[in-house]
Amino acid sequence: MRFSINPEMATQEVQPNETLTNLKAESDTLKTKLEDERAKLHDVELHQVAEKVDGLGQFIMKTRRTLKGHGNKVLCMDWCKDKRRIVSSSQDGKVIVWDAFTTNKEHAVTMPCTWVMACAYAPSGCAVACGGLDNKCSVYPLSLDKNENLAAKKKSVAMHTNYLSACSFTNSDMQILTSSGDGTCALWDVESGQLLQSFHGHAADVLCLDLAPSETGNTFVSGGCDKKANVWDMRSGQCIQSFETHESDINSVRYYPSGDAFASGSDDATCRLYDLRADREVAIYSKESIIFGASSVDFSLSGRLLFGGYNDYTINVWDVLKGTRVSILFGHENRVSTLRLSPDGTAFCSGSWDHTLRVRDRGYHLEPVTSATVCLILVSSSSCLSLMPVPSPFYFIRTASFITFGP
Amino acid sequence: KKENMTSNSNVSNMRRLVEQLKLEASLERIKVSQAAAELQQYCHQNAAKDALLVGVPAGSNPFREPRSCNLF
């Protein structure tokens with residue numbers, strides 16, 4: 001960590017014990033001052049401000065695709081910018097690239113280590129990065145030739161002194177940001193493998209990171225086993241803000257789409273929202289009935305919904321403004337370990353220790369017919385109505401009304 | 001001498017902590033009411049585009065293919 005040198009302090013005579021006591025006193029004073037400053041501006045709760053906002057009502061989500069193929073726990077996943085490809089990594093060392101539309105596996109790589117805890121898609125869609133117990137982050141260029149051995153072109157980029165917990169490309173394929181069990185985050189140049197910046201400040205394993213949306217500048221947030229979420233300046237390596245309200249490890253952090261806030265998911269069974277300009281926690285998403293840790297969080301496109309994957313196999317969907325849960329999604333048969341919104345916000349994918357990934361979107365109440373949908377209505381003797389799209393010069397207006405069941 | 005070195009590193013750690021706290025204390029903050037209003041405004045402005053929030057016509061979602069459906 002680099003700090004500007006205070007000339008007064010540099011010329012002081014060093015008398016260790018005395019200085020230590022003074023410094024301790026000064027740090028205590030500053031901590032109190034920090035708390036006071038934050039408290040002064042705490043004039044209202046978020047959910048109070050949101051009282052006048054319309055509630056969200058019934059909320060149905062449907063699984064549209066189930067990706068099967070991993071032989072063990074899925075630990076991480078990421079979307080390609082093309083909104084259809086997904087990369088996922090697993091405990092057995094496999095990294096798979098899927099076409100989520102067709103559910104076909106396009107590429108598979110076997111890593112030399114187990115527990116591949118981190119994977120990421122390059123912005124160009126031409127490479128993936130991954131790592132885990134090997135303490136490294138490696139980049140694999142994706143070949144169009146399915147027969148080509150991807151492992152041959154592997155490039156080792158990041159080197160930590162403990163496991164890699166998360167990785168993310170920055171705005172280009174040229175730089176990767178990593179977080180590690182060694183308590184640090186680091187920014188690397190992909191081509192040369194050079195360390196560009198390191199970020200020190202967490203007192204224990206760093207478990208997650210997220211880059212600020214590009215419009216808001218060069219910062220990122222990290223969460224760790226020290227229960228802290230830190231916001232960092234990528235250029236200087238400085239920690240600019242720190243939040244410590246969780247009661248256990250922070251497993252996941254994700255920026256609010258505007259970049260003004262971020263959410264976190266923790267082993268303390270809560271998700272929280274921190275506003276960066278108010279410099280404090282502004283919401284807690286929790287219920288007495290939720291006692292298992294939240295492993296992964298992501299927002300919907302507008303930031304109104306927060307999806308949280310939990311260790312009790314469920315996904316809870318929260319109304320970010322009102323602080324209430326709008327839906328609980330079942331389906332996975334083991335812990336949900338990873339969860340991400342698709343790039344255009346039409347769907348989200350979750351990965352689980354049950355070896356599968358699921359792509360879900362919104363279920364619909366009414367499905368209007370378009371001029372391209374041509375139907376033939378068949379009435380069977382057992383009084384079932386069956387509608388099938390069939391080429392025909394006859395058009396029928398189809399109104400399908402589905403009875404929806406609330407969570 | 002070893003004791004001295006340890007105390008020196010404790011001192012430098014404390015100095016770092018104090019500098020960090022000074023930095024954090026000097027941040028310009030806004031009131032929660034203002035921050036909350038702006039979060040709410042962002043949600044409102046982008047709600048219409050949020051497919052998971054409001055839903056979109058069936059045809060425009062690539063994960064939903066036209067299928068046969070049964071009404072019972």
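The following legends accompany close-up views of a predicted model.

Figure 1. Chain A contains three helices and 30 strands. Of its 407 residues, 54% count as buried. The chain exposes about 18,000 Å², of which carbon and sulfur atoms supply 52%. Among contacts in chain A between residues at least 6 apart in sequence, those joining residues at least 24 apart make up 46%. The model as a whole has an ipTM of 0.81 and a pTM of 0.84.

**Figure 2. The open sheet S14-S15-S16-S17 of chain A.** Four strands make up this sheet, and their pairing is antiparallel. Strand S14 (206–211) and strand S17 (239–243) of chain A each have a single partner strand, so one side of each is left without a neighbour in the sheet. From one strand to the next, the twist averages 20°.

**Figure 3. Pairing of strands S15 and S16 of chain A.** Strand S15 (residues 219–224) and strand S16 (residues 229–233) of chain A run antiparallel and are joined by five bridges. Ser222(A) has Asn230(A), in S16(A), as its bridge partner. In general, the strands of a sheet pair through backbone hydrogen bonds, in either a parallel or an antiparallel manner.

Figure 4. The side chain of Thr184(A) makes a polar contact of 2.8 Å with the side chain of Asp182(A). When neighbours within four places in sequence are left aside, the residues in contact with Thr184(A) are His160(A), Thr178(A), Ser179(A), Phe199(A), His200(A) and Val206(A).

**Figure 5. Ser258(A) in the loop between strands S18 and S19 of chain A.** The loop that holds Ser258(A) lies between strand S18 (250–255) and strand S19 (261–266) of chain A. Ser258(A) is buried, and its relative accessible area is 14%. A polar atom of the Ser258(A) side chain lies 3.2 Å from the backbone nitrogen of Asp260(A).

**Figure 6. Prediction confidence along chain B.** The average pLDDT of chain B is 81, and 78% of the residues score at least 70. Among the elements of chain B, helix H2 (residues 32–46) has the highest mean pLDDT, at 95. The lowest mean pLDDT among these elements, 51, belongs to strand S1 (residues 69–71) of chain B.

Technical notes: Residues numbered from 1 in each chain as written. Chains lettered and ligands numbered in written order. Predicted model: local features only at pLDDT ≥ 70, side-chain atom pairs only at ≥ 80, totals over all residues. Heavy atoms only, no water. Helix = DSSP H or I, 4+ residues; strand = E, 2+ residues; numbered from the N terminus. Buried < 20%, exposed > 50% of the residue type's maximum accessible area, 1.4 Å probe, protein only. Polar contact = N/O pair within 3.5 Å; in protein donor to acceptor, adjacent residues only side chain to side chain. Contact = heavy atoms within 4.5 Å. pLDDT = per-residue confidence, 0-100. Areas by Shrake-Rupley, 256 points an atom, 1.4 Å probe, with all protein chains shown as cover. Pairing = 2+ DSSP bridges. Axes fitted to C-alpha atoms, helices over the stretch in contact; angles between N-to-C directions.
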